[in-house]
Amino acid sequence: MMKNNLVRRLVQALIVLAGVTLLIFVMLRIVPGNPVETMMGEHANAETVARMTAEMGLDQPLHIQFFRYISSAVRGDFGTSYSLGKPVSQLIGSAFINTLILALFAALFAWIVGISCGIFSAVRKNRLPDRLFMGFSLLGISLPVFMAAMFLQYVFAFKLKWLPVSGTDSWTGFILPAIALGWNSAGQVAQMTRTTLLETLQEDYIDTARAKGRGPFGILVFHALRNAMLPVLTMMAIQFSGLLSGAVITETVFSINGVGRLMVQAISGRDIPLLQATSLLATSVVILGSLLADCLYSVLDPRLRKGG
Amino acid sequence: MLRTKRKQAEQVSDLLLQSQLGEEERFGDLMRRMARENKTAVISFFLIILMILAAVFAPYLTPYKENDMDLLHRLSPPSAEHLLGTDEGGRDVLTRLLYGARVSLLIGVVPALLSLILGAVLGVAAGYKGGLTDAVIMRLADVTLAFPSMLLAMVIMYALGDGILNVFLTLTLVNWANVARVVRSQTLKLKNCEFVEAARIIGVSRDRIMRRHILPNCLPTLLVMFTLNVPASILTESSLSFLGLGIKPPNASWGLMINTGRQYLYNAPWLCFAPGAAIMLIVLAFNFLGNGLLDVLDPRLKKQ
Amino acid sequence: MKKIAALLLALILLVSSLPAFADEPEPGLLRTAILYDISTMDVTETTDDYMIPMNVFDRLFETRTAAGGTLEVVNSLVTDYSVSEDGLTYSFTLREGVVFSNGSALTASDVQFSFERLLKAGKMNADIPEEILGAEAVKKGEADSLEGFKITDDTHFSITLAAPNAGFTAELSSPAASIVDAESMTSGFGKEPAETIGSGPYIVTEWVSNDHFTLVYNEKYWGPEPTVKKLIVKTIADATTQDLMFQNGELDIIDLKNLDSAVVAGTYKIKPADRIVSTPNVGEVFMVMNENNKYLKDVRVRKAIAMAIDRDLLIQGIYMGDAQKENGIIPTGVWAHNDEMKGFTYDPEGAKALLKEAGYAEGEVTFELARDNNASTNLRLIYDSISAQLKAVGIEANVEPYEHSAWLAKRSGGDMDSFIGRWGMDYNDPANILMPFFGSEEASKGRSMNYPDKEIFARVSAARFILNDAEREAEYKALDKKLVEEDAAWIPMFAELHLWCLGDRVASFTPQWAGFTDFYAADVVLK
Amino acid sequence: MKEKTLEVCGLTVCIPTEKGVIRPVNDVSLEVPAGSIVGIVGESGCGKSMTARAVMGLLRSPAKVTGGSVFLCGREITSLPEKERRNLRGAEISMIFQEPMTSLNPVMKVGSQVAEAIRLHTACSREEAKARTLEIFREVEIPEPESRFSCYPHQLSGGLRQRVMIAMAMVCKPKLLIADEPTTALDVTVEAQILNLLERLRDAGTSVLIISHNLGVIAKVCDYVYVMYAGRIVEQAETKALFDRPEHPYTRGLFRSVTSLREGCETLETIPGVVPNLLRLPAGCSFSLRCGQCTENCRQNIPELLETEPGRKVRCFLMGKEGAE
């Protein structure tokens, strides 16, 4: 039953992935202009442009280009970046590691802060800390990422000189970007934790637990949290993929060589192979993330595990 | 013969609708209830109105023009003459903020509205017609939702080029899928309601059921989605502009102002803080209003 | 509660111990940043990214800035040379004992190989050795080696030109004429640090795309040992971040060209004023107009535009004085620069009168001022200000931003109405600025100018081959005058001053003008 | 006189609301003698569950006990600190709930949930707790206890779940078990089994307080019954006496509606009107609005709970009159 479900999910994910690939491919090619020309810049002459266009197979019909792209992409070859002149897979490889570390740090921050604030707020519902935390999380949701990033950079790196302004040389360089990136998610996690926890605390089995003599802490930890965390965990799995692919702004502000910045660069350089591969990577991560979230949910919730 | 029969059916369906319209009336009550109980939502509502007015009457509120440069008074700090100081080109920041409100509010409202319409139509169609229509629309929605919104916006902006109309289109294409999903699930629920069943039995046409029965019942949801989509659009646009992919200068949008103001963060912090605060304020206001609406419209939350 | 307090305390302790992150950088290390990552280290692939070629390769000559901002060509790999009477044949003596970083000797054949390589690649900078006899044949693949290149022995060779060119040695000082090692040439050259072998003061050891590259001192370098033993160049795509990093001590030297002059004036010039060093950016900021445009083809309109621009205000207001007015196409410091050119004086009334004379009502003349999104803040402000100044005399010049590559594509298509450009000289010869704009009909179209006078194209081309320096100088000055003052085909504006700020670890730095990237790490002296 | 396991005196629970304070439990006194099953019956919303929760100390904020006292085996427990009360719960006094579906934690194995109760009150190892759990599973007649131990609630039927609940409640051998609508969610055959189980528990020495709106359940197992209406006890009597001769008009109405249903009368007899809003209680007798025999006195004054015969109390002016006559 579960296996079937998983297979169905997988097939669905693959269909979506195929759709995404096609969409990206088409979208990037409706842009007028010959990419070779833009690549050659000021020094393009008609002869070289024609030669390189043919070399890169850009004179072929679109569907042939597409199948060529897919068949080489499956083998891990995403072409050569126009603007950086290196194999795209190599560029993305090093950038993805940075983004991954950044996203991990950000997720860690968002989850720790978000969940603890959420729990604290739910337990102290409608009292000062609750209002404070919830106000703060609303701020987290409303504050644009770049504002948070700039603010953190300005205060903690520039004014207080506690942390580096930029750079991935040491782990300290990831702290500020991670907070900036995770800020938003922390707010969401806090709100969701609070809501689900409050709902869970209304459940009958909480009364049962109290009736058998569990103290408030035990109830929170052993009964309420385990149930309340289910939707939060799912959200977190989705969020993590969002963090991975949404690091564009943070990476720009802190000048981190990640997938997001690579994408911005690809856009300003009209670098189709790079843009194609980065956006494909980002969407794959999201698709994978929601797939994982589904799996996670069914693992954590016994109701969905068997028979359900 | 057939005509009159159909006419009759429509009349009956209207009658059925009237009974549904009780809902509408309750909706007014709900709004009043929200106004009574949720002061933050009311304040937010008036703040939004105030911002709209400020944007509309911008030319009367400031003696300067949006793009008047004064190279000899660049980056001057806030003063009586320039309440929020001047920017890197000697332009009055307050003036640009007011004119920028036009762009930012339009960018909040127009795509939210367009995506709402698109999403609602597709959602109702998918939910009500089912089958192939449903499959195609929902797969499309899945594909759209597989993109992180910022990324999708970037790719579309790349394909379309910058400019305000393209920003509208982009944000619409980014947001429709979510609306469509919600509306579809609502439609599926409504489809099995007695009054729709009844309308179908007496032979009301499919289009009419969709138009007169299902869509109006999705309105409260759509209203909430609208109020929550507006700030999302404003944030996305400001991020796009921050990356230099959104609105074209010299027109000021708040995101663009922050983008250019960034390099003066410590020489002229007002360049960033003024539009930053404006964005936060409007986003918060819409969020509060949206949450207020959600509180009164969502029965599940009402219970709490 | 106690637990929370303890946790907080631990957190505070952790955070307060963090400043230790700024480990004192190792001695001999210089950290700097560039805005965009380079695409290649190979000059056959780029005309922009000279950072690596300048520091990793040597050239036969170098251009150095002398006192007073004039430029002189000095010997580098060449210790001595002579020119034949007819100006066609150059005989060179190479420095003895120069070796590449891999140990192989730098010989005359490496020089020949380097020039032929530029021609055979046929991409960027193929114009550098173009004047050598037989270049055309090599370029087309009809000949394998340059007919005009004669090797006597390892250190002696001669080059014969197809036509005399007084600017030849200057041309050879361009980073584009870098000498590479023929023996170790591989397909990874320019891409892989280990395969990019030069004879210059530094060796590239690491290049992480979009992140940084590392250069270390080349122990086999023939010149004096620099104090900078290791150079880390970070790619920081954002001038503000560079600025913050520098002020935070994460960079040792910062190139201020991407920052708004007002910021520079507001910070760097106030705090440690003596930490700023500068060199004139040999080249100029100018405005050109497309003469295919129905309004812009009228010389009166072009003159009116020129007269409507208040350059003094731009220099004072935007550059805060860090720029110098230019009145001709050939910028100050370049040979044949004409000090007596008057250019255009700011005269809005005169501009209005001219427009009226041309028969245009206020607001009738409209065109697009196309802006590259990669333009620096200063240049963006120049665009906006000029648009405003033109509006004041009744000309609608709308600033239209384009992504860098789209901008280039539009311009090379020849249908860009107008743009404000910035030309940096690659070598000290007027041909370097005149040829790309007025050298031929295609060149002029490629810059979206569509200058119509074919006679001028011929004169510009021919001027390169005038052997007599005085005659040549006079011809260039005449051309400059004709193009600017008579035709208003080019509105000269100003030359920017290129500023650098030195961090605490740097004792001194003498920036040298050298095309686009004026940075020789060997010129930095660390404390 | 028999020892009293539970004695409740004048218990009052208040809930402050925006529109005023409501008293879902108003001056309720009841007692559960050792080794007996006592029932509280009434329509939903009459305060019977609230009474049970107040006794357990499980009231949810903002509801709280504002008056009266609760004695468990002669020991006053409302004034105990929360920690001590907690130790009582599950050990001395435990409770099972109406919905076995939602009353068990869905993400914990049922065995662990029962074992948790053991380990909370006795110092024992995991293994001992498991052994004890299996034992109690057998006692409450859960088939295949070993395999059930590691089942999740959703894998069990309603009856089994309620057995698990009872097992959990009984595992520490409490003196008093409060069963709040223990069979409402179950079908009839299962109901009978559960009731049998409760009876067996009583025979084993545990007193049981059953709360139900189902008169059949009450009649079947209870020794003594309290009838609640709008937060007050309106009648109390031994089961047989009450069912033979209901005295309070409300009780009579309640019984009539059931018998009419059972005997298949053509018109279903119901008590007219609805349960009054606790915020708008009449000045006099709470039942006055729905009572067929209501007098002016009933509207103005609240009747006392008076003993009409030994072991029987009724809160009604009519009874007083009857008695006077």
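Visitor: What makes you say that no contact joins chain B and chain D?

Guide: Their closest C-alpha atoms lie 12 Å apart. This is a predicted model, by the way. A contact needs C-beta atoms within 7 Å, and no residue pair across chain B and chain D counts as one. Chain C and chain D have no contact either, with their closest C-alpha atoms 19 Å apart.

Visitor: Which chains have the most contacts between them?

Guide: Chains A and C do, among the four pairs of chains that touch. Chain C puts in 33 residues, and chain A puts in 35 residues. On the side of chain C that touches chain A, helix H6 (239-247) and helix H12 (404-412) each supply at least two residues. H12(C) gives the most to that side, with six residues.

Visitor: What classes of residue make up the side of chain C that touches chain A?

Guide: You'll find 13 nonpolar, twelve polar and eight charged residues there.

Visitor: Still on chain C, what makes strand S8 and strand S9 a pair?

Guide: Pairing takes at least two bridges. S8 (residues 202-208) and S9 (residues 212-217) of chain C are joined by six bridges, so they qualify as a pair. The two strands run antiparallel, and C:Glu206 stands opposite C:Thr214 in S9(C).

Visitor: What do S8(C) and S9(C) form, and which residue in the turn has a positive phi?

Guide: They form a hairpin, with three residues between the strands.

Visitor: Over to chain D: which domains does the assignment give?

Guide: Domain 1 of chain D is 4-92 + 174-260 + 267-319, and domain 2 is 93-173. Their C-alpha centres lie 28 Å apart.

Visitor: What makes domain 1 of chain D and domain 2 of chain D count as being in contact?

Guide: Again the cut-off is C-beta atoms within 7 Å. By that test, 25 residues of domain 1 of chain D are in contact with 21 residues of domain 2 of chain D. On the domain 1 side, helix H1 (48-56), strand S7 (176-180) and helix H8 (188-203) of chain D each supply at least two residues. That side of domain 1 divides into 17 nonpolar, three polar and five charged residues.

Visitor: And chain B: how many helices and strands does its secondary structure come to?

Guide: Chain B has twelve helices and zero strands. Its pattern along the sequence is α-α-α-α-α-α-α-α-α-α-α-α.

Visitor: What percentage of the residues of chain B count as buried?

Guide: It's 50% of the 304 residues. To be buried, a residue needs 20 or more other C-beta atoms within 10 Å of its own. As for contacts in chain B between residues at least 6 apart in sequence, 70% join residues at least 24 apart.

How values were computed
Residues are numbered from 1 along each chain as its sequence is written. Chains are lettered from A and ligands numbered from 1 in the order in which they are written. This is a predicted model: local features need pLDDT of at least 70, side-chain atom pairs count only at pLDDT 80 or more; totals for chains, interfaces and linings use all residues. Two residues are in contact if their C-beta atoms, placed from the backbone, lie within 7 Å. Helices (H or I, at least four residues) and strands (E, at least two) are DSSP runs, numbered from the N terminus. Ala, Val, Leu, Ile, Met, Phe, Trp, Tyr, Cys and Pro count as nonpolar, Asp, Glu, Lys and Arg as charged, and the others, Gly among them, as polar. Domain bounds come from an automatic or database domain assignment. A residue is buried if 20 or more other C-beta atoms lie within 10 Å of its own, exposed if 12 or fewer, and partly exposed in between; C-beta atoms are placed from the backbone.
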